Amino acid sequence: QINSRIMKARRRIIFSSIVVMVFFLVWLQFDIGRWIIFFNKQNQSPGDGQIQRLTHIREFCRRREKNHNNKTLKFGDSFIYNDKKKFVYCRIPKVACTTWKKVVLYTLGIVNTHPVNTSLDTLYSHRMPYMEDIKNKTGRIRYIQNHYFSFMFSRHPFDRLFSVYRNKFMDPDPYGGVASYLGYYGPIILRLNGKSPFNHPTRTIGDQKYFDISFEMFLTFLTKGGLNADDHWAPQTSLCQICKYKFDFIGRFEHLSSDSNKIFKRINTDLTFSIERDYKQRTIDMLKEAYEKIPVKLLIDIFLFYKDDFDAFGYNPNEYFHFFFI
């Protein structure tokens, strides 16, 4: 009887140890503690939101100091500067960057129509003032970094990925570049998904046939080497190099109008946005429909590939649907 009690006690201890270990591993993997703290702070008041976003990013960079500090800042075509209004904007594709490039043209005096009404033909007929073009003028770069107001916008990674897929692989809008993306990436995505080109379904655009690429195939492509193949789906933290360039303001796509209007006041322009979006429910419905068909293992892989974006900008992977045990 004593031995039986001892065995039961041992089983309870072992079971409790396993539970504690599993909980610890989950907490460690998904940084639950930091997210909970961040979300609680975000809910304090509207005035605290921006301070918390910037503080959160500084903490993110501090934790990853060894991974980021040995990398040189590379501007590429992500950083746009405006000498007239003295600001630097880091563009991230599929995070209202088309709208904000129109703002750049307006605030430079190149166009006089409200950005919402500026045509894409007008936008694409002008080259943006990229910091990459003046990267060799170190004195000017340093002055801009120290004296210009800098900002960027982030977007929930799952939302952004589905938006990229719709725009580049599904949407027939000619400005979306569907034909060029399907033509170039289609065969690559097909091969990385182990699909045969001889019997795979096709779709016709114009008079050309292209491989039909599903959302699951696109996500699989990202996990098999395609992550940094294009800026439209490259991680937001890497595009704007948030641990190398100190931003003054971090806007959110989810609050595009209100955050944009705060920036407009800061750069002293007469613009205002009043873009009405039934964003939450509409987005939730679309994302649920798209992601419910994706295997959980693939979703977890995608989350891990974009983990820095979730962590740095404080996005919850369960915001639109619940598949993680957190």
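# Reading a predicted fold, feature by feature

Visitor: In which helix is K102 found?

Guide: K102 is found in helix α5, where helices (H or I, at least four residues) and strands (E, at least two) are DSSP runs numbered from the N terminus. Before going on, please keep in mind that this is a predicted model, in which local features need pLDDT of at least 70 and side-chain atom pairs count only at pLDDT 80 or more, while totals for chains, interfaces and linings use all residues. Residues are numbered from 1 along each chain as its sequence is written, and side-chain values use heavy atoms, with hydrogens and water left out.

Visitor: Is K102 buried or exposed?

Guide: A residue is called buried under 20% relative accessible area, exposed over 50% and partly exposed in between (1.4 Å probe, protein chains only). K102 has a relative accessibility of 11%, so K102 counts as buried.

Visitor: Which residues is K102 in contact with, leaving aside its neighbours within four places in sequence?

Guide: Contact means heavy atoms within 4.5 Å, and with those neighbours left aside K102 is in contact with P115, T118, S119, L120 and L123. For S119 there is also a spacing to check in the model: K102 and S119 are 17 residues apart in sequence, and their C-alpha atoms are 8.8 Å apart in space.

Visitor: What is there to notice in the loop between β2 and α5?

Guide: The loop between β2 (87-90) and α5 (97-107) holds K94, a residue that is not a glycine and yet has a positive phi of about 70 degrees. A96 lies in the loop between β2 and α5 as well, and its phi is near 60 degrees, a positive value in a residue other than glycine. With a relative accessible area of 12%, A96 is buried.

Visitor: How many helices and strands does the protein chain have, and how many of its residues are buried?

Guide: The protein chain has 15 helices and 6 strands, and buried residues make up 47% of its 326 residues. Among the contacts with a separation of 6 or more, 71% are accounted for by residues 24 or more positions apart.

Visitor: Which residues touch the most other members of the largest nonpolar core?

Guide: A nonpolar core is a set of buried Ala, Val, Leu, Ile, Met, Phe, Trp, Tyr and Cys residues joined through side-chain atoms within 4.5 Å. The largest one here has 90 residues, of which F169, F218, L219, W233, I242 and Y291 touch the most other members. Helix α9 (residues 178-192) gives the most to this core, with 7 residues.

Visitor: At what angle do α9 and α10 pack?

Guide: Axes are lines fitted to C-alpha atoms, for helices over the stretch in contact, and angles run from 0 to 180 degrees between N-to-C directions. The axes of α9 and α10 are 9 Å apart, and the two helices pack at an angle of about 80 degrees. Angles under 35 degrees count as roughly parallel, over 145 as roughly antiparallel, 65 to 115 as roughly perpendicular and the rest as oblique, so α9 is roughly perpendicular to α10. In this pairing Y185, I188, I189, L190 and L192 in α9 meet M217, F218, F221 and K224 in α10.

Visitor: How do α10 and α14 cross?

Guide: The axes of helix α10 (residues 215-226) and helix α14 (residues 296-305) come within 10 Å and cross at roughly 45 degrees, which means that α10 is oblique to α14. The contact is made by E216, L219, T220, L222 and T223 of α10 together with L298, D301, I302 and F305 of α14.

Visitor: Where is the place of F215, and which residues is F215 in contact with?

Guide: F215 has its place in helix α10 and is buried, with a relative accessible area of 7%. Leaving aside its neighbours within four places in sequence, F215 is in contact with L161, F162, Y165, A290, Y291 and I294. The C-alpha atoms of F215 and F169 are separated by 8.7 Å, although these residues are 46 residues apart along the chain.

Visitor: Where is L287, and is L287 buried or exposed?

Guide: L287 is in helix α13 (residues 279-291), and at 1% relative accessibility L287 counts as buried.
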